Amino acid sequence: MKQAILKYLNFGILACVGVSLFMRGRLFNMAYEYDELFTAITTDPMLPFSWLYSNYLLVDVHPPLYNAILWVWNHFVPYGPELWLRLPSFFMGIGALMCAWLFFPKFFGKLTRLVFVGLLSCNIYLIFYSQHARSYMLMLLFSVPVTFLFLDIFRRIAKHRRVAPLKWVTFAVLSILLCWSHYFGSLLVGLCSIFLFANAWYNKTYIRTVLIIIAAITMSFLPWLVPNFIEQISFKRFAGNWWAKDSPWSSIPEMFLLSFFTKWYIGIIMFALISVSFVWLRTQYRYRRGIPYFREMLLLLSIFVCALVIVALLSLKTYMFFGRYFIAFFPVVYLLIAVLLAPLMRRSLCSKSIFIGLLVVNLVIFGFGHKELKYTPKISSRMVSQIYKNKFRGKEIFVIAVEGFPPVTMPAMYGFYVNRVFGLNVPVTELVSLDDESRNRALTRKENAFIWMPNCTKAKLQKVSSKWNRSLGVYGRVSDVCILKISD
């Protein structure tokens with residue numbers, strides 16, 4: 001009876017996966033947030049991609065593969081509406097789950113696959129970014145099979161078994177695409193390559209092949225890496241010109257807890273499950289040859305720990321501990337958790353029920369949260385532009401943006417709704433990035449300008465006011481946007 005119930009509970013996990021797929025299409029018409037506006041202007045089908053690459057993308061902090069894909073996509077769909085720009089992320093998110101299901105390493109077993117896909121599908125970060133015009137689902141789409149291929153190749157090298165040429169080529173191609181998707185994707189590829197080389201060297205096999213693969217990946221990424229690194233130096237990214245330079249390190253544990261488990265209490269329950277499962281495994285296999293897949297679990301843990309160490313070192317100069325960046329490592333962490341939990345869940349009705357309950361709680365949290373996100377003023381970019389269209393049409397637009405978007409892109413970004421969607425053809429000037437002379441010249445026109453600050457806070461207002469030696473008065477507020485008056 002118990003075994004039958006355990007099998008039926010698998011349908012509970014599958015039901016959660018199905019609900020998560022439905023939830024991935026609930027926010028298509030939400031207004032663009034500012035990073036999505038950057039995606040929108042860098043995928044404009046009216047402009048040559050070579051021009052977008054050299055003028056907009058090369059000065060950005062992320063590799064441009066996602067933008068290139070959307071630029072092609074926008075030639076075949078309406079350009080401007082949120083739905084069409086977000087659909088590729090939806091397909092990429094679904095594609096990542098399909099890869100997780102279809103190409104999951106068979107040696108881990110069916111239940112491990114089910115647990116892994118359940119974790120991956122019901123994470124609210126991944127549900128959210130599956131309907132967001134940013135590169136994170138593309139990164140996930142490639143990081144899932146790269147993680148699987150890495151584990152398979154590593155095991156084959158360790159056991160002195162043959163690795164088919166197609167497997168090497170597939171790993172190399174997907175790794176190159178992952179590198180061009182996001183820098184944290186390249187971090188995952190780099191760590192996998194290092195571990196593969198160390199394994200090949202230790203076992204005295206496939207050393208030359210691994211070196212060729214590493215060289216191919218590196219040479220394929222250098223055409224972006226070198227010029228982009230030069231641009232970041234010239235833009236002083238490593239000298240404080242970064243929007244998160246004052247982020248507190250004390251928030252890092254909470255960030256990881258919320259990124260992987262949504263809420264602190266879900267994280268605590270999950271860690272309790274993992275601990276019980278580990279203790280149970282130690283008890284069961286104390287007098288046997290060892291815990292099953294211990295090497296694979298240790299390998300996955302080592303990759304994640306190495307990533308944390310590298311990001312911590314980088315963050316001494318430029319803070320990088322953002323949950324969305326670590327989406328490349330979600331397959332690594334969730335696979336480790338799935339391998340740990342599956343043996344206990346095969347035998348324990350309680351543990352499997354708790355796991356399903358945690359998935360349900362994730363979905364419920366997102367279900368309530370998506371209603372707030374769909375509330376029009378919550379993400380204010382479209383509403384501010386609508387206010388301008390209805391009440392301030394004809395005025396020049398001044399934007400005071402303290403965040404570190406490339407200055408050359410900001411007029412197009414903050415004028416996207418006004419000019420590309422509403423077709424008003426209004427000049428937009430971003431004031432913070434101007435030199436003092438240009439700013440003072442622009443401010444002579446302030447009486448006939450619509451002035452606003454995105455992500456407005458009291459501290460930012462005081463900082464800008466002190467630096468410019470001018471008074472910034474708040475004329476109105478729309479969510480996180482201040483509509484301002486500037487006086488001498």
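Which hand does the link of Cys 456 and Cys 482 have, and with how many degrees about the S-S bond? The link is left-handed, at -85 degrees about that bond.

This is a predicted model, in which local features need pLDDT of at least 70 and side-chain atom pairs count only at pLDDT 80 or more, while totals for chains, interfaces and linings use all residues. Residues are numbered from 1 along each chain as its sequence is written, and side-chain values use heavy atoms, with hydrogens and water left out.

1. Disulfide. With a disulfide taken as a pair of cysteine sulfur atoms within 2.5 Å, the count is one. The sulfur atoms of Cys 456 and Cys 482 are 2.1 Å apart. Cys 456 lies in the loop between strand 3 (449-453) and helix 21 (458-468), and Cys 482 in strand 5 (residues 481-487), so the bond ties together parts that are 26 residues apart in sequence. Helices (H or I, at least four residues) and strands (E, at least two) are DSSP runs, numbered from the N terminus. Both Cys 456 and Cys 482 are buried; buried means under 20% relative accessible area, exposed over 50%, and partly exposed in between, with a 1.4 Å probe and protein chains only.

2. Cys 99 counts as buried, at 14% relative accessibility. Cys 192 is in no disulfide either, the nearest cysteine sulfur being that of Cys 179 at 10 Å. Cys 192 is buried too, with a relative accessible area of 1%.

3. Cavities. Rolling a probe the size of a water molecule over the atoms shows where empty space is left. On a 1 Å grid over the protein atoms alone, a cavity is a set of points where a 1.4 Å probe fits but cannot get out; a pocket is an open set with protein on both sides within 12 Å along at least five of seven lines; lining residues have an atom within 4 Å of a point. Grid points are joined across faces, edges and corners, and a volume is the space filled by probe spheres set on the points. There are four cavities of 30 Å³ or more, and the largest cavity has a volume of about 80 Å³.

4. Lining of the largest cavity. Among the residues that line this cavity are Leu 119, Cys 122, Phe 260, Thr 262, Met 270, Tyr 334 and Asn 362. Helix 6 (110-122), helix 12 (252-261), helix 13 (264-284) and helix 16 (349-374) each supply at least two lining residues. Helix 16 has the largest share, with three residues. By class the lining has nine nonpolar, three polar and no charged residues. Here Ala, Val, Leu, Ile, Met, Phe, Trp, Tyr, Cys and Pro count as nonpolar, Asp, Glu, Lys and Arg as charged, and the others, Gly among them, as polar.

5. Second largest pocket. The volume of this pocket is about 820 Å³. It is lined by 29 residues, of which Tyr 183, Ser 186, Phe 221, Leu 225 and Leu 314 are the closest to its centre. Helix 10 (183-203), helix 11 (207-234) and helix 14 each supply at least two residues of the lining, and helix 11 gives the most, with nine. The lining of this pocket divides into 18 nonpolar, nine polar and two charged residues.

6. Ser 89. This residue lies in helix 5 (residues 82-102) and is buried, at a relative accessible area of 0%. A polar atom of the Ser 89 side chain is 3.4 Å from the backbone oxygen of Arg 134. Contact means heavy atoms within 4.5 Å; leaving aside neighbours within four places in sequence, the contacts of Ser 89 include Tyr 66, Tyr 129, His 132 and Met 137.

7. Ile 327. This residue is in the loop between helix 14 (294-315) and helix 15 (330-345), and its relative accessible area is 0%. Ile 327 and Met 137 are 190 residues apart in sequence, yet 8.3 Å apart in space, C-alpha to C-alpha. Beyond four places in sequence, Ile 327 is in contact with residues including Leu 126, Tyr 129, Met 137 and Ser 143.

Terms used:
A polar contact is a pair of N or O atoms within 3.5 Å; within protein, one must be able to donate a hydrogen and the other to accept it, and residues adjacent in sequence count only if both atoms are side-chain atoms.
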